Amino acid sequence: MGDCETIVPLMEEEENLIAAAQNIVKALGSNRTLTDDARKILADLGTQLSSITRVSETQDEDSGDQTEEQFIELEEQLNLVQTKVMNWEVGQSMIWDCGQEEAYEYLRYVDQARKLIERLEGLNVDKGSREDELLRKAHDLLQTAMNRLEEEFTHLLVQNRQPFEPEHMSFRSSEDDTLDDGSIVSFGDDSVEDVVQRDSMSRSFEEYIIELVHPDVIPDLRCIANLMFDSNYGRECSQAFINVRKDALDDCLFILEVEKLSIEDVLKMEWNSLNSKIRRWIRAMKIFVRIYLASEKWISDQIFSELEGVSSVCFAEASKASIVQLLNFGEAIAIGPHQPEKLIRILDMYELLADLIPDIDAMYSDEAGLCVRTECQDILRSLGDCAKATFLEFENAVASSISANPFPGGGIHHLTRYVMNYMKTLIDYSKTLDELLKGYEKEDSAAILPHMTPDREEDNTDRRCNISPLAQHFRSFTSILECNLEDKSKLYKDDSLGHLFLMNNIHYMAEKVKNSNLRTILGDDWIRKHNWKFQHHAMSYERATWSSILSLLRDEGLQNPGSNSISRTLLKERLLSFYLAFEDVYKSQTGWSIPDSQLREDLRISTSLKVIQAYRTFVGRHTNHISDKHIKYTADDLENFLLDLFEGSPRSLHGSHRK
C-alpha cells in the first residue's frame, strides 16, 4: 500500500508542473520582449531542466547495467541447472536408485529451472532477444527434466508395488467353486434335502486399507507430483500414475480369478459353470471394492494430497475399466433368461451390490466418478428387475410342472422338496424381496390354476389382507403346489397310493414350515390346517386299503342257508380270501414309501390296531369252527408283516409262515 500512496501525489505534482509550463509557453508566444528578471528566471529554469535530464540519463545507464547483471546471473544459474540435469541423461541408472540425497538434489535443481522460467517470463522479453533465447533454453531444459521425472515416477510406482494376497483376507471359502453344492436342481432331477443353500460368505466384511505401494516412497512420489504440476506437466504425471495403477488393478482381477467375459459368453454358459462364476464374482466384488479399491483410493489421496481435485480424477481413470468389467458381468446375468435356479444367486448379487454402492459412491463422489456411480445404479436396477421376474417365473414353473407318469412308491415328489427348500432359502432374502415385489400384489391363484377350489381361493384372498408381498406369494406357492400334487395323485390307478402320496407330501410341507423360518411367514394356522390335511389323507388311505379287507372279517353272509349256524365252508373261504387280500397288500405296499420314520411308524400302528384287532376277534369268535390247518397266519405274524410296509422294497409272503 505504501508505494501506491506515494505515486498519487507525484502524479498530481507532475500535472501542475505541465500546466505551469504550458502557461509559460503561451506567455512567451504573445510577448516579443522580456525583462531582465524574466530572462534570469527562464535561464534558471533551463539549468534545472538540464540537470533533470542528466539525472534521467544517469538512471537509464544504471538500469542498463543492472539488466545486464541480471541476465548474466540468470544465464549462470541456468547453465548450472543444465549441467546437473544433463548429467543424468548420460547414464542409464535411475536417480532414486542412487539414494534420496541425489534425488532431492535433482528436484531442487529442477525447481530452480522452473523458477528461472517464471522470472524470465515476468520480464516481458522481446521476441528474438537474447532473453527470449534464454527462456527457450530454460523451457527445453525443463521439458527434459520433466520427461526424466515422469520416468522416475513410473519407476517408483512399479518397483515398489506390494503383493496383493487375497488368501490372507479369507478370500477362499471352505467350498470348492467347482462344486454345484449351492445350486437348485431343476424340476426334472432328483433332489436331496436342503439342496438350496445361500452363499456362505459372511455379509459383514470390514473395509480396511492395505499398502499396495511401499509407504517409504509415498513422500517421494508426492514431491515429484507436486513439482510436475507446478511446472505445468500435471497431465503427464497423472497419465503415468493412471497407466501403472490400471495395470495393477488388472492384475488384481486376475488374482481374484475374474475373467474378461462378453455378454454373449455369459449367456451361452451352462448353469453349473455360471453358478460357479457368480459365486466367485460375489467374493471378488466384495474384496475388490472394500479392500482393493479403498486401498487404491488411499494411495491416490496420499500422492496427490496437495493438489485439489487431482486424486479423484486419477483414481477414477485408473480404476474405471476394472470396476466396469465387474459390473458388466452383473449386466450379463441381469439380461439372461429368468430361470428359477438362478434366483438365489441373482439375489446374492443384488444384495451385495446394494451393500457396496455407498462405498462406491463415497470413492467416486465427484464428477470424475459419475459414470461409475450411474453404472452401479443401472446394474442394481437391472438385477432387481431380473430377480423379480425370476421369482414370478418360479410360480409359473410350479404351476406348469406336469407329470405323465405317477411318482414311484408314492414318496415325496422332487417338486415338493424343490418348492419348500426354495421357499425356505428365500426367507433369508425376505426384506429384499418385499421391496422388489411392492406393487406386484398377488393375482388370484385361480387365474393360474382354473381348477382351484373356491374355498381355497377364498382362503387365499382372506389371508392376503395386511400381509407382506412375499407372504402373499408364498401362500400362493403352497396352494399351487397342492393343486399340482392333487393332479399328480390322480395318475395312480390305486386310490390308496394316491392318498399315501398326498399324505407324504403334505406332511413334508407341514414339517418344513414348522421347523424353519417359514413358520413366521405362513403361520401356525397354516400348519394346523395342513396337519389336518395329511391326517385326513392317512385315514383315507386306511379306508381305501383296509375297509374291503376288514369286511371279510365280519360275520355277515357266513350263515348256512335257512339257519343261523355258521357255515364252515363259507368261513374257510372267507378266511382264505382275507389271507389272499392281505398278501396282495403286503406285496404291493412293501414297495410303497413313507420317507418320514415317525409318520411311517404312526401309520403302521394305526393300521395294526385296526387289522390285528379285527383278525384276533374274528378268529377268536370262530375258534370252534376253524381247524388249525386253516389258520395260515397268527395275529403276531400279521403284526410283523405290517412292519414291512412302506419301506420301498416290494416283498412277497409266498404263502408261508414267517417264523
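**Contacts and ring pairs**

Tutor: Leaving aside residues up to four places away in sequence, Cys-223 touches Tyr-104 and Leu-107. Keep in mind that this is a predicted model.

Student: Is Cys-223 buried, partly exposed or exposed?

Tutor: Cys-223 is found in helix H5. Buried means under 20% relative accessible area and exposed means over 50%. The relative accessible area of Cys-223 is 30%, which lies between those limits, so Cys-223 is partly exposed.

Student: What distance separates the C-alpha atoms of Cys-223 and Phe-153?

Tutor: Along the chain, Cys-223 and Phe-153 are 70 residues apart.

Student: Is Thr-390 buried or exposed?

Tutor: Thr-390 lies in helix H11, residues 370-399. Not counting residues up to four places away in sequence, Thr-390 touches His-338, Gln-339, Pro-340, Leu-343 and Ile-346. Its relative accessibility is 0%, and the limit for buried is under 20%, so Thr-390 counts as buried.

Student: How many aromatic pairs does a search of the whole structure find?

Tutor: A pair of aromatic rings is described by the distance of the centres and the angle of the planes. Searching the whole structure gives this number of aromatic pairs: 23.

Student: Is the pair of Phe-164 and Tyr-292 stacked or edge-to-face?

Tutor: The ring centres of Phe-164 and Tyr-292 are 4.9 Å apart, with 80° between the planes. Planes over 60 degrees apart count as edge-to-face, so this pair is edge-to-face.

Student: Which parts of the chain does the pair of Phe-164 and Tyr-292 link?

Tutor: Both Phe-164 and Tyr-292 are buried. The two residues are 128 residues apart, and the pair links distant parts of the chain. These parts are the loop between helix H4 (130-159) and helix H5 (218-230), which holds Phe-164, and helix H8 (residues 271-303), which holds Tyr-292.

Student: What is the angle between the planes of Tyr-633 and Phe-641?

Tutor: Tyr-633 is buried, with a relative accessible area of 0%, and Phe-641 is buried with a relative accessible area of 0%. Their rings form an edge-to-face pair, 5.2 Å centre to centre, and the angle between the planes is 90°.

Student: Which residues do ring pairs link into a cluster?

Tutor: Tyr-633 and Phe-641 belong to this cluster. Ring pairs link these residues: Trp-546, Phe-578, Tyr-579, Phe-582, Tyr-586, Tyr-615, Tyr-633 and Phe-641.

How values were computed
Residues are numbered from 1 along each chain as its sequence is written. This is a predicted model: local features need pLDDT of at least 70, side-chain atom pairs count only at pLDDT 80 or more; totals for chains, interfaces and linings use all residues. Side-chain values use heavy atoms; hydrogens and water are left out. Rings of Phe, Tyr and Trp (its six-membered ring) pair if their centres lie within 6.5 Å; planes under 30 degrees apart count as stacked, over 60 as edge-to-face and the rest as tilted. Helices (H or I, at least four residues) and strands (E, at least two) are DSSP runs, numbered from the N terminus. Buried means under 20% relative accessible area, exposed over 50%, partly exposed in between (1.4 Å probe, protein chains only). Contact means heavy atoms within 4.5 Å.
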